[in-house]
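Subject: Structure handover

Hello,

Here is the structure I said I would pass on. My notes on it follow below the display.

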Amino acid sequence: SSSRQIVASASQSRSRRASSRTRCRKMGVIETADYVAQYFLANPVLIMLVFYIVYRQWQNSRPWPDVGGRITSVHTLEEWQALCAKKGPMIVDFYATWCPPCKAAAPIYARMSEEEAFAKCTFAKVNVDEVRAVASSENVSAMPTFGFFEDGKRSTQVVGFSEAKIRQMLNSKLKLNTVNDNPPKELQKVD
């Protein structure tokens with residue numbers, strides 16, 4: 001008796017699925033679109049999730065801007081150590097390829113590297129996802145971070161992208177167009 005009920009229940013379930021498929025095949029394009037629209041209206045969180053995933057895929061598919069400039073790219077810890085061993089001033093852009101402000105900063109940073117006023121300063125870029133050891137050793141936790149180094153030691157940094165603050169930092173550290181030697185208040189000291 002109970003096995004007959006289970007078989008009957010399974011049979012009814014199969015016939016409901018079959019009739020549902022048949023009904024879907026018979027529905028026209030308009031009815032299908034209406035059904036999908038009603039489903040999404042009943043599930044707004046799902047719609048937001050789908051749009052977010054599509055947006056992130058689109059954003060990640062955009063190429064990293066090839067901007068040129070007089071910039072040294074660091075790809076390994078050894079390259080970083082060799083760069084820090086050099087004497088003289090250096091500014092480093094700690095960036096990530098998934099970071100929109102980093103993409104916006106790239107062409108401006110490249111143009112700054114070509115300016116005559118900053119010719120005695122080495123410009124470098126470090127992808128924090130590619131060279132995690134460098135990001136970790138320099139305590140970089142936000143992107144972009146622009147660090148100013150003197151003889152391999154970081155003395156000042158600007159967190160976030162602000163061309164004015166970066167120029168102010170460079171002018172202050174390279175002693176260009178400054179009336180006093182006090183660093184700007186917006187710059188963060190690094191011990």
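To begin with the cysteines: Cys-84 is buried, at a relative accessible area of 14%. Cys-121 is buried as well, with 1% relative accessibility. A disulfide is a covalent bond between the sulfur atoms of two cysteines. In this structure, a search of the whole of it turns up zero disulfides. Please keep in mind that this is a predicted model, and that the values below are computed from it.

Salt bridges

How many salt bridges does the structure hold? The count is five. I describe some of them here.

Lys-125 pairs with Asp-93, and their closest N and O atoms are 2.8 Å apart. Are the two partners buried or exposed? Lys-125 has 8% relative accessibility, and because buried means under 20%, Lys-125 counts as buried. Asp-93 has a relative accessible area of 0% and is therefore buried by that cut-off too.

Arg-167 forms a salt bridge with Glu-115, with 2.5 Å between the closest N and O atoms. Here again distant parts of the chain are linked, since Arg-167 sits in helix H7 (residues 163-174) and Glu-115 in the loop between helix H5 (100-113) and E3, 52 residues apart. Arg-167 is partly exposed at 24% relative accessibility, and Glu-115 is partly exposed at 25%.

Arg-167 has another partner in Glu-163, where the closest N and O atoms are 3.1 Å apart. Both of these residues lie in helix H7, four residues apart, or about one turn of the helix. Glu-163 is partly exposed, with a relative accessible area of 30%. Taken together, Glu-115, Glu-163 and Arg-167 make up a network of salt bridges.

Helix H7

Does the length of H7 agree or disagree with what its residue count predicts? H7 has 12 residues, which at 1.5 Å a residue should span 16 Å; the C-alpha atoms at its ends are 16 Å apart, so the two values agree.

Which residues of H7 are buried? They are Ile-166, Met-169, Leu-170, Asn-171, Ser-172, Lys-173 and Leu-174. The elements that cover these buried residues include E2, H5 and E3, along with strand E4 (145-150) and strand E5 (153-159). Just after the helix, Lys-175 takes a positive phi of about 60°.

Surface patch

A nonpolar patch on the surface is formed by Tyr-39, Leu-46, Leu-49, Val-50, Tyr-52, Ile-53 and Val-54. Together these residues have about 640 Å² of accessible area. Which element gives the patch its largest share? That is helix H3 (residues 44-61), which contributes six residues.

Regards

Technical notes:
Residues numbered from 1 in each chain as written. Predicted model: local features only at pLDDT ≥ 70, side-chain atom pairs only at ≥ 80, totals over all residues. Heavy atoms only, no water. Salt bridge = Lys/Arg side-chain N within 4 Å of Asp/Glu carboxyl O. Buried < 20%, exposed > 50% of the residue type's maximum accessible area, 1.4 Å probe, protein only. Helix = DSSP H or I, 4+ residues; strand = E, 2+ residues; numbered from the N terminus. Disulfide = S-S within 2.5 Å. Expected span 1.5 Å × (residues − 1). Contact = heavy atoms within 4.5 Å. Patch = residues over 30% accessible without salt bridge, like charges linked within 9 Å, V, L, I, M, F, W, Y side chains within 5 Å. Areas by Shrake-Rupley, 256 points an atom, 1.4 Å probe, with all protein chains shown as cover.
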